[in-house]
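Subject: Structure handover

Hello,

Here is the structure for you to look over. My notes follow below it.

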Amino acid sequence: MSEFVLVILVTMGLSKDPSTYEIRVPKKTYKQCIEDSKTYKFPFEEMHKVISVKTRCEKVIGKQKQLKNEKSI
């Protein structure tokens with residue numbers, strides 16, 4: 001069971017209502033979560049007005065739900 005979740009938020013768009021997508025990746029330790037979060041920095045400075053990437057680590061609280069394909073959420 002993972003104790004932490006790396007949350008990756010990708011926001012795209014120039015309009016008043018940009019689209020934001022959330023990706024959650026299980027991590028076993030906080031250290032691993034923080035190290036992996038550094039790899040998701042968006043490399044194209046000139047595109048930051050159109051696409052932004054933000055990351056954070058969250059501690060898993062309670063039991064995780066199991067999906068039919070054995071992946072937890």
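Two strands count as paired if DSSP finds at least two bridges between them. By that rule β1 and β3 pair, because nine bridges join them. These two strands run antiparallel. Please keep in mind that this is a predicted model.

The sheet

The sheet is open and has three strands. Their order is β2-β1-β3, and the pairing is antiparallel. β2 and β3 (51-59) stand at the edges. Each has a single partner strand, so one side of each is left without a neighbour in the sheet. On average, neighbouring strands of this sheet are turned by 20° against each other, direction ignored. As a reminder, strands of a sheet pair through backbone hydrogen bonds.

The core

Which residues make up the largest nonpolar core? There are six in all: Phe4, Leu6, Ile8, Val10, Cys33 and Ile51. The largest share of this core, four residues, comes from β1. In soluble globular proteins, nonpolar side chains tend to be buried together.

Leaving out residues up to four places away in sequence, Leu6 touches Ile23, Arg24, Val25, Lys27, Cys33, Asp36, Ser37, Tyr40, Thr55, Arg56 and Cys57.

Val10

Val10 lies in strand β1, residues 4-12. Is Val10 buried or exposed? Its relative accessible area is 18%. The cut-off for buried is under 20%, so Val10 counts as buried. Beyond residues up to four places away in sequence, Val10 touches Ser19, Thr20 and Tyr21, and also Ile51, Ser52 and Val53. Val10 and Glu22 are 12 residues apart along the chain, yet their C-alpha atoms are separated by 6.5 Å.

Lys27

Lys27 sits in strand β2, residues 19-27. Lys27 is buried too, with a relative accessible area of 13%. With residues up to four places away in sequence not counted, Lys27 touches Ser2, Glu3, Phe4, Leu6, Gln32, Cys33 and Asp36.

Best wishes

Note on methods: Residues are numbered from 1 along each chain as its sequence is written. This is a predicted model: local features need pLDDT of at least 70, side-chain atom pairs count only at pLDDT 80 or more; totals for chains, interfaces and linings use all residues. Side-chain values use heavy atoms; hydrogens and water are left out. Buried means under 20% relative accessible area, exposed over 50%, partly exposed in between (1.4 Å probe, protein chains only). Contact means heavy atoms within 4.5 Å. Axes are lines fitted to C-alpha atoms, for helices over the stretch in contact, and angles run from 0 to 180 degrees between N-to-C directions. A nonpolar core is a set of buried Ala, Val, Leu, Ile, Met, Phe, Trp, Tyr and Cys residues joined through side-chain atoms within 4.5 Å.
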